[in-house]
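Colleague: Please take a close look at one part of this model and tell me how it is built and what surrounds it. Then place it against the rest of the chain.

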Amino acid sequence: MTKEKNTFDYIDVANRVLDIESAAIEDLKGGLNQSFVDACEACRNCKGKIIVMGLGKSGHIADKMAATFASTGTPAFFIHPSEAIHGDLGMIDKEDVVLILSYSGETEEIVSLIPIIKNMGITIIALTGNKKSKLSKEATINLNVEVKEEACPMNLAPTASTTAALAMGDAIAVALLEKKGFTKEDFAKSHPGGYLGKKLLLSLSDIMHEGDEIPIVYETDKVASGLIEMSEKALGMTAVLNNKNELVGIFTDGDLRRTLENKVDIQNTYMKEVMKKDPYVMSGETLAYNAVAIIQEMKITSLLIVKDKTVIGALNIHDLFRAGVM
């Protein structure tokens, strides 16, 4: 007996869902009007914060929307309507703007908050799918995010409607971003731990080894002393200084290998005889990301950080890996 072939087509379902949700977003474009401009201007002119609210699935979208605002230069945070009723309204100030998501516009917990927020003289921006709802009528500005159908075959689970609301929130956030002239550098300041933040903000002074962690010997020291210093500091090299504590050379693992291959007497040979003179150095202000490109181009694995001929730091390729810029 052969097993019955599975005829369920997952890809067909996925295509149908994507078509419905794409259409929902496309329909939003035709409905954009002065209300969208007013909403953006209200947010741009807000002297406080953008307070975003929503319940259930709309709450999840509202939370993400607040995060997008905050990371793109518009101070914002999410407040749960149920928590607002029980004390979190104290987090809202008259200088704020409240943006509320409710597809039905009739959510009890939200509707109960409207008179209180309005009495505070706060601008309310509503995203609803029902132009005749209480929220739509009471809001200062209403943005229509109505969809023709949900992607759910029963037309019940919020799918296309939450996608439309999220897209509208992104449209507001990006419009504000461009109006304010928000730059990549501004974005990096909000994301110091992310790749872009590290790329644009992290300097060598932030990750270099300093003080006693810097491997240092003098040009009049014997090579054996240099080996001990390199072994203890484990950076794959040591700086070589003159009697004025100025950098005059570097001795690396590669130099050590060549020294041993040439059977140099490490007990009686001075560092100045085997070091590389005038090594390539960088300043502490150099961006770590830029240092990576130079290291790769020059095919070196270690760097000395120098200021006015004085060694102030050292690092190797592993430090750049740990910092997340390589």
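Modeller: Strand β6, helix α12 and strand β7 make a right-handed β-α-β unit; right-handed means that, with the strands pointing away from the viewer, the path from the first strand over the helix to the second runs clockwise. The model is predicted, so local features need pLDDT of at least 70 and side-chain atom pairs count only at pLDDT 80 or more, while totals for chains, interfaces and linings use all residues. Residues are numbered from 1 along each chain as its sequence is written, and side-chain values use heavy atoms, with hydrogens and water left out. Helices (H or I, at least four residues) and strands (E, at least two) are DSSP runs numbered from the N terminus.

In this unit β6 covers residues 216-218 and is joined to β7 in the parallel sense by 3 bridges; two strands pair if DSSP finds at least two bridges between them. V217 stands opposite V240 of β7. Helix α12, residues 223-233, is the helix of the unit.

β7 also has a partner in β8 (residues 247-252), with 5 bridges in the antiparallel sense. A239 has I250 of β8 as its bridge partner. The two strands form a hairpin with 5 residues between them, and N245 in the turn has a positive phi of about 65°.

All of this leaves β7 well covered: 5 of its 5 residues, 237-241, are buried, so the strand is largely enclosed by the rest of the structure. Buried means under 20% relative accessible area, exposed over 50% and partly exposed in between, with a 1.4 Å probe and protein chains only. In a regular strand the side chains alternate between the two faces of the sheet. In β7, M237, A239 and L241 are buried on one side, and T238 and V240 are buried on the other.

A second arrangement of this kind is found further along. β10, α15 and β11 make a right-handed β-α-β unit, in which β10 and β11 pair in the parallel sense over 2 bridges and M282 stands opposite I305. β11, residues 302-307, has 5 of its 6 residues buried, so β11 too is largely enclosed by the rest of the structure. Antiparallel pairing with β12 (residues 310-316) comes through 6 bridges, and K307 stands opposite T310 there. The hairpin of β11 and β12 has 2 residues between the strands, with D308 in the turn at a positive phi of about 50°.

G284 sits in the loop between β10 (281-282) and α15 (288-298). At 5% relative accessibility G284 counts as buried. Not counting residues up to four places away in sequence, G284 touches S203, L204, S205 and I305, where contact means heavy atoms within 4.5 Å.

Elsewhere, helix α8 (residues 160-180) has 21 residues and spans 30 Å from first to last C-alpha, close to the 30 Å expected at 1.5 Å a residue; the expected span is 1.5 Å times one less than the number of residues. The buried residues of α8, among them M168, I172 and L176, pack against elements including α1 (10-31), α3 (57-71) and β4 (123-128). G181 follows α8 and has a positive phi near 70°.

The largest nonpolar core has 34 residues, and F69, L99 and I125 have the most contacts inside it. Such a core is a set of buried Ala, Val, Leu, Ile, Met, Phe, Trp, Tyr and Cys residues joined through side-chain atoms within 4.5 Å. Elements that each supply at least two residues of this core include α1, β1 (50-54) and β5, and α8 gives the most, with 7 residues. Apart from this core lies another, of 17 residues, among them M53, I100, I122 and A139.

T74, in the loop between α3 and β2 (76-78), is buried at a relative accessible area of 3%. Leaving aside neighbours within four places in sequence, T74 is in contact with I50, F69, L176 and K180.
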